[in-house]
Amino acid sequence: MVAQDIDLHLPQGVRYALIGPNGAGKTTLINLITGMLRPDAGRIALGEEDITSLKPDARVKRGLARTFQINTLFPHLTALEAVTLAVLEREGHSKTWWRPLPAYRGAIDEAHCILRPLNLEKAAYRLTRELAYGQQRLLEIALALATRPRVLLLDEPAAGVPKDESAELFEAISGLAQDLTVLFIEHDMNVVFRFASRIIVMVGGRILVQGSPQEIAANARVREVYLGKGRHG
Amino acid sequence: MKSADFFQEQIRWRPIEIAFWIATLLPFVVAPAYLQLASQIAITALFALSLDLILGYAGIVSLGHAAYFGVGAYTAGLLAKHAWGEPLSGLVVAGALAGMVGYLTSHIIVRFRHLALIMLTLGLGLLLHEAANSASALTGGADGLQGVRIRPLFEVFKFDLYGRTAYAYSLVVLFACFLVSRRIIHSPFGLALRGIRENALRMPAIGAPSRAHLRKVYTIAALIAGVAGALLAQTTETVSLEVLSFGRSADVLVILILGGAGRLYGGLLGAIIYMVARDQFSGINPQYWYFWIGLLLVTVVMLLPNGILGGLAKFFPRKT
Amino acid sequence: MLSLVMLAGSASAQQTVRIGLIMPYSGQFADTATQMDNAIKLYVKQNGDTVAGHKLEFIRKDTGGIAPDVAKRLAQELVVRDKVDVLAGFVLTPNALAAADVSAEARKFMVVMNAATSIITTKSPYMARTSLTTPQLNETFGAWAASKGGLKKVYTMVSDYGPGHDAEQAFQRGFKQAGGEVIGAVRFPVANPDFAAFVQRAKDQSPEGIYAWVPGGAQPAALGKALAERGIDPKRTRILGQGELTEEEARKSMGDTAIGIITAYHYDASHDSKLNRDFVKAFNDAYGRNPNIYSIGGWDGMHLIYAVLKASGGKTDGEALIGAAKGMQWESPRGPVSIDPETRDIVQTVYIRRVEKVGGELKNVEFDKVENVKDPVKARMPK
Amino acid sequence: MLGSFVGVVFDGLAYGMLLFLLSVGLSVTLGMMNFVNLAHCSFAMIGGYVTVTLTNSLGWPFLATLPMAFLAAAAASVVLERTLYRRLYRAGELDQCLFTIGVVFISVAVAAYFYGTVQQPIDTPSYLRGSITFIGVNFAAYRLFLIVVALLVTAILVFSLEYTRFGAQVRAAVDNQRMARGLGIDVDRAFAVTFALGGGLAGLGGALAIEIVGLDHAFAFTYLVYVLIVVAVGGLGSIGGSFVAAAVLGVSDMAGKYYFPWLGAFLIYLVMVGILMWRPAGLFGKRH
């Protein structure tokens, strides 16, 4: 069983870190929440609304966005075009095929405003394919933010990003709006303890324990399974 | 550069585009004896343009696109035979009907990808071809539809031997559909299509209803293909099973890839080069002309990957 | 070698008569065009390329197969650009019908050298046909089968497209009018790589005779083998068909299983006349193979063009040439032929033949014939 | 009536085996090497013309020409793969389509130039003609022969690919080129052999097809559609899939034409569309 009897409650505005050894089912959990995978049983709710049976794109419309562990971007679109596309989809403008893009000044400017805090502004007009790997990871977040989410799920946002740049990446994440609930998967413990306000530990498809960083650090079972003995990379 | 200017820059009509469209008027002056050929090139270019919308811009590879071309041709032909021969209204009805057939089949098409998609489009096309053959009482079967008589355009311009009206009519309709396609490509909907082609997996993650987008572009492409089919039926007053054949679907795919898919002008350029080359080669060597066409295709792929426009773009990279 | 195409030169129109040839030189029907073109070149070689003071010039255009839109454009280009005086060739009905509109509008003399659907010659008053019509052969054959052929019950199987339907209706009409009974009929798909199922179906009805119509090319041989494989012996269950069924390539592939098959046709390379023997010898010398119905259609088409040019005394316009063509009679390698003045279609003899082994070689031996056969469909049309 | 049912199924199976021989090579190259080789039937044509030339002009016995047809087509496909196709492995699918369609055009023109446009007659040996009557049903000798050859080829193919070291190497090279090179496998040789195998089988199929469906210069075009159908329905890269798909399509095509002839032409396409909508990756397709 990859993930079972998960009971999770994410109050608004909290920064969650989801940690656990490889194969603990972290990405699967995100895929379940975002509707990429169908749960066999159980219920997923966003606020009061039950979104268990909604298709992924409908869940995004209701404010549930995600990024991917492996970059899934638009190689031949520029960063600005990609984020603008996400904004236009959110506003439902993508249905119109008779008005030219420059007419949507609002959406384009909003896209620019999303890029700026993630310091992607200077990369705005370059093709995604030509961006540095770290910039592409930031663009993943920009695309998710463009859907104006209430809950943002980041699947190893700093994966493959050199150490110095990942701190900068998480600075940008922590700078996000305060009313935004964020859950990110991360392996680097000092990043986790620095940025997360609450931590969830998953092992073997189950939630082992969840709590504040201090509680988790002090928790014997966590240390025994995850922190103490064979430290996992 | 202000961000909106970036998109404005993309939409701006480049001088080479304007030159191209002016050049399409040259045959009236330079080659009056080739107007029939020019009209059939314009029709094929329109048909290739419709395929470009789904292949170049949405990534749908079709081996059965002639199905909608044929529906348009037969609609226009049957209309002219049984009802009235006025061309423009015939065009509208043919386009609408082809668009409807496109909308219906799009519900199947958008659910599949890769080889399954290609073979389904092939299968649907061949089924329609067989249906037209067995409904020979209506369609005239293999002998083709007889008795198609088209009224002069606006009751003034007769479709005569010299092809002046035929080329003017085909060119204007091509240009109109081109403007619509250009507007689509540079619209939010066009950007969404490019998103689907670039990464279909990401689209749901940004809240995009990919299948709805694909159904819409497939319907629009079917409509334009139907208009192209109607143009052929009207300017030649002939309709035969060949308009629904696998050969025509394969030809238009070759023409589009030759020109370069996903660049709007690929289909137009491909149609000009392919049909002029075929006309000249078969004039010189009626029995083995297709040897030289084969050689042309092989050479283009070797020298200019992604078609002629794709290859040229490598040499004159567009400033992003 | 292929004669080089003479592009529209500066020679003034009076001396040169330009003949535009429209055929499927490439594609699925390429062999029919090859055989027709061979006969045309041979005729010109034997009779010289100058007729009644006119030097002949040929312009060849390829339709690539069934493509009426291309055929119409090529005809228009030949008239407008190359200023041809005669349109000729036309192996396939859809292409002939499309070009007929151009012949009518531009008032150009047009010679159909094969396409066999009846209504073609009604589409332009300047058109004559030197090949055949499907009903001309099959209605005659149906009547013969029920009378002198001695058959009472027949099962018909044809290709499911235009020419196949015409052949089926014509044969059934002739057969029923002569008192015969059609106990079953089936139509197989045009692109039919394998006949076994249909032959089995026919065998289950155990008819006295099976009438089959298939287009030339690979299908006659395939059908013949399927008949043999199903154990249908032509000597017991009589197998009838239009001549394509036992043309040369089909006979070679079927081998002895073809013996006994009865066909109706208007021409065969083994037809016994001096004129035909010379024609076949000259054809073999030039091309190393026997002429077939496409060759005779081309040969007689050229003969008609030469004759009308001589008869119209130097005039090359449509009215003059078609006027001269009406009622023209001549002795062709196939036998006596003439152009019906009303319908401008060919009147000829229909031969009934049986496949027999003659001197170790399988041949269609002509054992009966019906002379001076007009196209029955147009004969029934109100004047 | 039972007799004719068995007869129809038998004929369908034989026709299916013909389709299998013609298409298994493409399933290998398209499926395992992800190379869109629309010119596959051109190799079948090479095999066909080799057999015709050997039997008609050089008087070889029919059976003796079959290995030659296989070898000639295999050689031709290796030459083409080593010189031109190799440069297209990284090209886009569309470019591969355009290139191979170009090759089809050229092969048809060359065939027409050297062999003319006439139907190539083939006189198969007498013991393969006629039919054998068994339990009241007559089975065409040639079709029996076809089924036997197809079963033989399948056995050899499955054995050599699944159970030999060389087979494993070919599958590894095709599955993951980089990894295979890492293990020291000569990937180029593996690709060349795979192509030769695919081309050779097509050649054999082309030679065997003459007796049933004939051979002319346009063969490469006419049978491309049927071969693609078998490969798609069978599932990419799966030899067993091609076998079953060819059998299913052959029998349903034959049965359809026998029991409801008016549906004849539609049936094979309906069966294809039906199966693909039920299983898009094909009956035994691995990749979805």
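**A guided look at chains A and C**

**View 1. The elements of chain A.** Chain A holds 9 helices and 8 strands; helices (H or I, at least four residues) and strands (E, at least two) are DSSP runs, numbered from the N terminus. With a radius of gyration of 18 Å, close to the 17 Å from the globule rule for 233 residues, chain A is as compact as a globular protein of that length. That radius is taken over C-alpha atoms, and the globule rule is 2.2 Å times the number of residues to the power 0.38. This is a predicted model: local features need pLDDT of at least 70, side-chain atom pairs count only at pLDDT 80 or more, and totals for chains, interfaces and linings use all residues. Residues are numbered from 1 along each chain as its sequence is written, while chains are lettered from A and ligands numbered from 1 in the order in which they are written.

**View 2. Chain A and its neighbours.** Chains A and B share the most contacts of the 4 pairs of chains in contact; two residues are in contact if their C-beta atoms, placed from the backbone, lie within 7 Å. Chain A does not touch chain C, and their nearest C-alpha atoms are 34 Å apart. Nor does any contact join chain A to chain D, where the closest C-alpha atoms lie 15 Å apart.

**View 3. The two domains of chain C.** Across the boundary, 11 residues of domain 1 of chain C are in contact with 15 residues of domain 2 of chain C.
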